[in-house]
Amino acid sequence: MRRPVRIAVTGAAGAISYSLLFKIAAGEMMGKDQPVILQLIELPHAMESLRGVAMELEDCAYPLLHTITLHDNVEDGFKSAHYALLVGARPRGPGMERSDLLEVNAEIFARQGRALNDFANRDVKVLVTGNPANTNALIASRNAPNLSPSQFTCLTRLDHNRAKGILASHSGATARDINGIIIWGNHSPTQYPDLHQATILGEPALSQIDMDWYRDVFIPQVQQRGGAIIDARGLSSAASAAQAIVNQMHDWVLGTDPGEIVSMGILSDGSYGIEKGIFFSFPVRCNYGRYQIVRGIEINEFSQQRLNDTEQELLDEKAVIEHLLPKETEASH
Ligand code: NAD
Ligand code: LMR
């Protein structure tokens with residue numbers, strides 16, 4: 001049997017975690033032969049609720065669940081973690097502007113970045129889900145000067161899965177018949193779900209669907225899916241977000257299938273002309289615990305405009321919290 005790995009999860013008593021933790025403990029994320037230690041982190045007022053979740057996890061008697069520890073602070077909770085799933089965040093309250101949300105979360109994610117830097121395993125892999133996910137990932141990584149920014153990603157696999165699911169339903173294919181979908185940019189309504197490389201059963205997707213449907217229905221539907229779920233459920237997506245976290249971490253750690261492209265929010269290295277220093281969703285392939293941007297994709301005028309729009313939104317978000325970012329050091333790159 002392999003040695004257990006330590007997985008820290010913030011927001012562990014929240015809605016997403018109520019699906020996520022059970023999937024992790026069942027071996028869906030790290031593999032069916034990988035025991036896990038869950039280091040669950042919550043705000044002090046939610047610790048009682050977290051104890052209830054821990055009881056339920058115990059009651060499932062998962063063979064791969066080695067230990068559960070509960071923490072009301074990230075400094076303890078991140079100790080020696082190999083993986084850190086940053087799910088908890090301050091939600092937008094009544095009358096709160098997006099810039100207020102950015103600032104409040106900037107403080108939370110700055111502390112989490114410092115705690116990862118000081119207490120987590122040197123090779124920790126971090127996935128930020130709490131919104132605004134891309135900018136929170138930037139803040140966390142910039143506050144962890146001894147970790148490489150490549151150890152931080154943000155969740156755009158949910159958008160990727162949404163695009164795949166919606167295309168599958170529309171075309172009558174199943175999700176497994178679809179490949180090459182790309183989500184570019186921010187996890188927000190400016191994201192660009194790109195089907196120019198997508199295939200359905202090996203044939204170009206755009207030759208099998210109507211361009212008007214792609215432009216006028218598909219793109220806005222994927223971009224606004226999060227809001228549509230909130231309107232319909234009265235709550236934001238939770239089970240599908242948990243599934244996407246499992247998929248993104250699984251592929252990052254264990255690799256993508258041969259020929260498969262997935263979307264991940266990562267620090268831009270300037271690829272495709274996207275300004276360096278923002279977390280941007282790119283097409284990637286993963287192998288040996290690393291991701292690599294898929295190069296050489298042709299970007300037509302239609303796509304370029306959409307890439308520019310979502311890049312600009314991320315630059316604007318960065319400008320709002322820039323004053324809270326520590327200066328970049330040599331060690332951070
Ligand atoms: P939730 O409100 O049900 O749970 C969040 C939990 O986080 C709460 O229990 C809260 O006490 C805890 N929390 C808040 N700040 C914390 C901190 N500093 N440390 C530890 N715990 C903290 O919310 P949810 O439905 O689970 O969603 C969590 C986040 O994920 C939200 O920000 C949501 O907008 C975001 N989200 C992102 C995506 C994505 O694709 N990137 C998708 C869905 C939801
Ligand atoms: C989602 O995409 O479902 C969420 O990010 C929406 C939200 O604002 O919580």
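Here is a walk through this predicted model, from the overall fold down to the ligands and the annotated residues.

Start with the whole chain. The secondary structure of the protein chain amounts to 10 helices and 14 strands. For 333 residues, a compact globule would have a radius of gyration near 20 Å, and the protein chain agrees with that, at 19 Å. As for burial, 42% of the 333 residues count as buried. Look at the contacts between residues at least 6 apart in sequence, and you'll find that 73% of them join residues at least 24 apart.

The domain assignment gives domain 1 (5–154) and domain 2 (157–318), and their C-alpha centres lie 23 Å apart. Where they meet, 28 residues of domain 1 are in contact with 24 residues of domain 2. On the domain 1 side, several elements each supply at least two of the touching residues: helix 1 (15–25), strand 4, strand 5 (125–128), helix 5 (133–142) and strand 6 (152–154). That side of domain 1 has 17 nonpolar, 8 polar and 3 charged residues.

Next, the ligands. Where does ligand 1 sit relative to the two domains? Both domain 1 and domain 2 give residues to its shell, so ligand 1 lies between them. There are 27 residues around ligand 1, and those that come nearest are Gly-11, Gly-14, Ala-15, Ile-16 and Gly-88. Sorted by class, this shell has 15 nonpolar, 10 polar and 2 charged residues.

Around ligand 2 you'll find Asn-131, Leu-158, Gly-226, Ile-229, Ser-236 and Ser-237. Its shell divides into 2 nonpolar and 4 polar residues, with no charged ones.

Asn-131 also turns up in the annotations. In the unreviewed UniProt entry, "binding site" covers Arg-92, Arg-98, Asn-131 and Arg-162. These positions are spread over 71 residues of sequence, and they are spread in space too, with up to 24.0 Å between C-alpha atoms. Take two of the arginines. Arg-92 lies in the loop between strand 4 (83–86) and helix 4 (98–119), while Arg-98 lies in helix 4.

You'll find His-187 in the loop between strand 8 (182–184) and strand 9 (192–194). Why does His-187 count as buried? It has 27 other C-beta atoms within 10 Å, and the cut-off for buried is 20 or more. Leaving aside neighbours within four places in sequence, His-187 is in contact with Ala-133, Asn-134, Cys-154, Leu-155, Thr-156, Asp-159 and Gly-265.

Methods: Residues numbered from 1 in each chain as written. Chains lettered and ligands numbered in written order. Predicted model: local features only at pLDDT ≥ 70, side-chain atom pairs only at ≥ 80, totals over all residues. Near = placed C-beta within 6 Å. Nonpolar A, V, L, I, M, F, W, Y, C, P; charged D, E, K, R; others polar. Domains from an automatic or database assignment. UniProt positions renumbered as here; feature names shortened; annotations may be inferred. Helix = DSSP H or I, 4+ residues; strand = E, 2+ residues; numbered from the N terminus. Rg over C-alpha atoms; globule rule 2.2 N^0.38 Å. Buried ≥ 20, exposed ≤ 12 C-beta atoms within 10 Å, placed from the backbone. Contact = placed C-beta atoms within 7 Å.
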